[in-house]
Amino acid sequence: MNLTLNKNKTHQFTFYYIAAVLMLWLKTYIVQLTQFELGIESVLQQFLLLLNPLGSSLLFLGLAFLFKGKKKFIALIVIDFFMSALLFANVMFYRFFNDFITLPTLTQTQNFGDVSGSIGTLLSPSDLLFFADVVLLVFLLTFNFKSLEVKKTAPRKVSALMFLALSISCINLAIAEMDRPQLLTRGFDRNYIVKYLGMYNYTIYDAVQSTRATAQRVFADSNDLTEVRNFTQTSRAEPKPEYFGAAEGMNVIYVHMESIQNFLIDYRLHGEEVTPFLNSLTEEENTLYFNNFFHQTAQGKTADAEFMVANSLYGLPQGSAFTTKGLNTYQAAPAILSQQQGYTSAVFHGNTGSFWNRDEIYKSFGYNEFFDLSYYEMSADQQAEYGLMDKPFFEQSMPYLKALPEPFYANFITVTHHFPFTINEEEATIDKHTTGNKTVDNYFQTARYADEALQQFFDDLKENGLYDNSIIIMYGDHYGISNNHNKAMEQVIGKEVTPFESAGLQRTPLFIRVPGMEGGMNEEYTGQIDLLPTLLHLLGIETDEYIHLGTDLLSEQHDDIIPFRNGDFVSSVFTYADGKFYDSTTGELLDESRLDEAREYQTIAEQKLGMSDKVVNGDLLRFYTPDSFLPVDRSQYNYLNKEDRE
């Protein structure tokens with residue numbers, strides 16, 4: 001009698017466990033299918049998407065069997081809740097960044113407050129269903145808790161369960177490797193990992209990758225730099241004589257154009273130019289306009305762009321170097337220009353100094369000044385989601401810029417044209433688009449505002465006598481419209497957004513204005529990684545001693561293979577996107593006869609990313625100092641806010 005009762009009570013927990021597994025499995029499959037753009041292309045991939053949550057659900061919820069008595073039920077609910085929370089958090093992150101959470105991004109907690117204003121636009125009433133299974137389990141167990149009593153589960157049964165779970169995951173991995181060889185070793189595309197292995201296995205893989213990257217610095221030594229140094233020396237592009245030193249002695253003004261994509265150039269909406277000022281620069285006599293310039297950012301987005309522009313090193317595949325590598329040794333543009341030609345350097349940003357850890361990593365770059373939010377007056381109607389709106393930002397920055405000793409290197413970071421692209425009606429000077437997608441439709445109004453702010457900034461430079469003795473470089477930092485909005489974007493650009501077209505949409509405009517230098521359109525394929533060596537050559541500074549992964553985009557030897565952090569790349573010849581090779585001119589898939597040549601391009605792209613990761617993760621520049629450079633002493637920099645300075 002008692003034996004039968006105990007068996008029933010043991011089976012009672014098994015019933016709850018099986019129910020929890022089935023609900024979590026089904027929920028995860030539906031979420032992966034509907035909430036992420038994973039690019040499912042075959043029945044096999046669809047099967048793997050269905051299979052991969054099963055092994056994880058069995059394994060992690062099975063850990064509840066290791067607890068005693070009623071604690072099994074509590075553990076089951078807690079584990080189910082945390083797995084549901086992980087799933088929900090990734091959905092929210094994906095809606096905002098079109099990417100998945102990595103371990104390093106969780107260290108960026110200082111940024112969470114700044115992005116909280118956008119959370120409301122990401123939520124949907126249906127999101128309550130993410131925790132429906134947890135609520136159901138809690139409801140059932142609450143009414144039966146007093147009658148619940150279980151015996152310890154036999155170790156052999158627990159072992160059998162774990163073996164089953166791991167076997168399913170191993171079968172999943174084996175099938176995935178057949179469809180996508182070297183899935184875990186060739187490159188690092190989070191989209192593929194989630195598609196083939198599932199959200200929970202991706203989290204484990206990410207933790208392993210992050211731990212490995214962290215350990216690289218501990219085991220690095222000067223010998224690791226030899227391969228990198230040889231690579232950068234052999235790939236260096238000699239400057240073109242007519243450009244070398246063309247801007248020598250001039251001030252340098254960078255304008256970081258938030259979320260400006262290149263399709264905006266000459267785009268007309270409701271019969272109007274969206275960006276009339278930027279359009280005019282494409283024909284300005286002293287301005288070079290690059291229509292095949294690509295952003296190369298990853299999870300760091302804005303911070304990645306800054307990192308590449310200052311160092312000619314790639315951002316990290318996970319998290320942001322700004323937050324995780326802020327204390328590294330760098331040989332960045334501000335320090336080089338200060339030591340080589342006596343430049344003063346400053347950053348202007350209408351947001352808090354700690355956002356993206358700027359107030360720390362700028363010390364490692366050698367910036368003399370950092371004018372953050374404390375230096376600006378901001379009324380309620382001048383506040384964007386991420387700080388001071390662009391027009392008052394440029395206006396209030398001008399006195400600080402004019403007071404800098406010349407020559408100066410100044411970096412302006414704008415914020416108004418940022419997701420979710422909201423703007424007050426009185427500030428909007430063009431109607432929204434009509435795709436029916438709120439994000440896409442709003443995008444054009446804030447783009448127009450940003451364009452007007454840039455025109456105002458140019459006028460202010462002229463009025464203050466800075467226009468004719470400054471090189472002005474303006475670049476789009478990253479995409480504004482992610483792949484989550486491809487259907488609406490098809491209405492905007494008038495064509496289907498294939499993987500090839502999606503790669504093309506990563507173009508952002510680049511303008512380089514040098515007084516006295518002939519301008520015009522330049523169709524060279526280039527990326528953010530190339531800006532530092534280009535700038536140094538324009539200023540008459542040799543780059544052969546420095547470790548740069550980019551090359552001078554004005555050089556005849558410029559390398560036009562532009563890697564993206566997910567392992568894709570673009571070039572004037574081949575494009576690699578979503579696992580396929582395309583002809584960059586026609587947009588057609590390559591035939592078999594050209595694949596070997598295209599794979600050679602892919603190898604070079606992977607080498608560039610790998611070399612950069614060695615330098616950044618290993619902090620290798622601490623082992624190497626060029627003859628014409630002194631290591632930056634971080635203790636010499638202290639960015640006081642305006643109140644403390646006064």
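Guide: Let us begin with N617, which, leaving aside its neighbours within four places in sequence, is in contact with A213, Q216, R217, L316 and K325. Please keep in mind throughout that this is a predicted model.

Visitor: Where does N617 lie, and why is N617 called buried?

Guide: N617 belongs to helix α21, which covers residues 595–618. Its relative accessible area is 7%, and since buried means under 20% relative accessible area, N617 is therefore called buried.

Visitor: Turning to the rings, how many aromatic pairs does the structure hold, and what makes the pair of F36 and Y94 edge-to-face?

Guide: The structure holds 56 aromatic pairs. For F36 and Y94 the centres are 5.0 Å apart and the planes make an angle of 65 degrees; as the limits are 6.5 Å for a pair and over 60 degrees for edge-to-face, both words apply to F36 and Y94.

Visitor: What makes this a link between distant parts of the chain?

Guide: F36 sits in the loop between α1 (2–34) and α2 (43–62), while Y94 is in helix α3 (residues 71–97), and the two are 58 residues apart. F36 and Y94 are both buried.

Visitor: How do you know that F419 and F421 also count as an aromatic pair, and which kind is it?

Guide: Their centres are 6.2 Å apart, which is within the 6.5 Å limit, and the angle of 85 degrees between the planes is over 60, so that the pair is edge-to-face. F419 and F421 are both buried as well.

Visitor: Which residues form the aromatic cluster?

Guide: One aromatic cluster is formed by Y254, F307, F322, Y330, Y362, F365, Y367, F370, Y409, Y475 and Y639.

Visitor: How do you know that the charged end of K72 sits over the ring of F13?

Guide: The charged end of K72 is 5.7 Å from the centre of the F13 ring, and the distance limit is 6 Å, with a further condition on the angle to the ring normal. K462 likewise lies over the face of Y467, at 4.8 Å from the ring centre.

Visitor: Finally, what lines the largest pocket?

Guide: The largest pocket has a volume of about 1,100 Å³, and of its 43 lining residues the closest to its centre are N98, N191, N483, S502 and N566. The lining divides into 15 nonpolar, 17 polar and 11 charged residues, and α3, α8 (190–197), α18 (486–493) and α19 (499–504) each supply at least two residues of it.

How values were computed:
Residues numbered from 1 in each chain as written. Predicted model: local features only at pLDDT ≥ 70, side-chain atom pairs only at ≥ 80, totals over all residues. Heavy atoms only, no water. Phe/Tyr/Trp six-rings, centres within 6.5 Å; stacked < 30°, edge-to-face > 60°. Helix = DSSP H or I, 4+ residues; strand = E, 2+ residues; numbered from the N terminus. Buried < 20%, exposed > 50% of the residue type's maximum accessible area, 1.4 Å probe, protein only. Lys NZ or Arg CZ within 6 Å of the ring centre and 35° of its normal. Contact = heavy atoms within 4.5 Å. 1 Å grid on protein atoms, 1.4 Å probe; cavity = no way out; pocket = protein on both sides within 12 Å on 5 of 7 lines; lining within 4 Å. Points joined across faces, edges and corners; volume = space filled by probe spheres on them. Nonpolar A, V, L, I, M, F, W, Y, C, P; charged D, E, K, R; others polar.
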